[in-house]
Amino acid sequence: MRRLSMSLLIVIAMLALAEAAFAQQPAQPQAVPPVEFKVEVLGSKLSDFTAKMDAYAALRRSLEEGLPPLAVTDNPSDIHRAERLLAERIRKARANAGRGSIFTEDIRRSFRQLLRPVTNAGTCEAIRDDNPGEFQYAINSEYPKGKPVSTVPASILAVLPRLPEDVWYRFLDRDLILHDSRANIILDRIDIAIRCE
């Protein structure tokens, strides 16, 4: 009887060990569905924008040769004349420029992506403060003298690429434009660059 008990205990112990060993075996891996995602590299798009702005600055420098220099003066007609002469040359040199000549589709998408995280109620309020609103204009047209120019909040300027001297980012309602203040012309625009309610 004792042998039978001992044999029974051994069988029970072996079954327990077998069950424990089976429980520790890794489960069969299940097939994981493939995940597809798209990574957009902003750096290349922003370097394209910077290259376009550098080319524009070089073009403007070459077109300024032979023009009377813009000097500090009390006579507004001297300033307007210098702006007009430079603007005429720029318009002629950029005769084929239109929407997208600087802000290509890829660059517009990259700018919107950069602006999204820094656009909040505070930045929207700051932009609305002196925003002239939407008005009709063409690329290479004059920025109307009677319209205010919007201030661009520092949080937005911090994420956007630097611009050449006397070229500014401006908002017209929710559109972002490039304004060359030296020639007083609008170089390009991004429609609905920011989402403000």
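Residues are termed buried under 20% relative accessible area, exposed over 50% and partly exposed in between (1.4 Å probe, protein chains only). The model is predicted, so that local features need pLDDT of at least 70 and side-chain atom pairs count only at pLDDT 80 or more, whereas totals for chains, interfaces and linings use all residues. Residues are numbered from 1 along each chain as its sequence is written, and side-chain values use heavy atoms, with hydrogens and water left out.

Twelve salt bridges (a side-chain nitrogen of Lys or Arg within 4 Å of a carboxyl oxygen of Asp or Glu) were found in a search of the whole structure. One of them joins Glu 88 to Arg 84, with the closest N and O atoms 3.5 Å apart. Both residues of this pair lie in helix α3, four residues apart, about one turn of the helix; helices (H or I, at least four residues) and strands (E, at least two) are DSSP runs, numbered from the N terminus. Glu 88 is partly exposed at a relative accessible area of 41%, and Arg 84 is partly exposed at 37%.

A further salt bridge links Glu 105 and Arg 108, whose closest N and O atoms are 2.4 Å apart. Glu 105 and Arg 108 lie three residues apart in helix α4, about one turn of the helix. Glu 105 counts as partly exposed at 42% relative accessibility, whereas Arg 108 is buried, with a relative accessible area of 6%.
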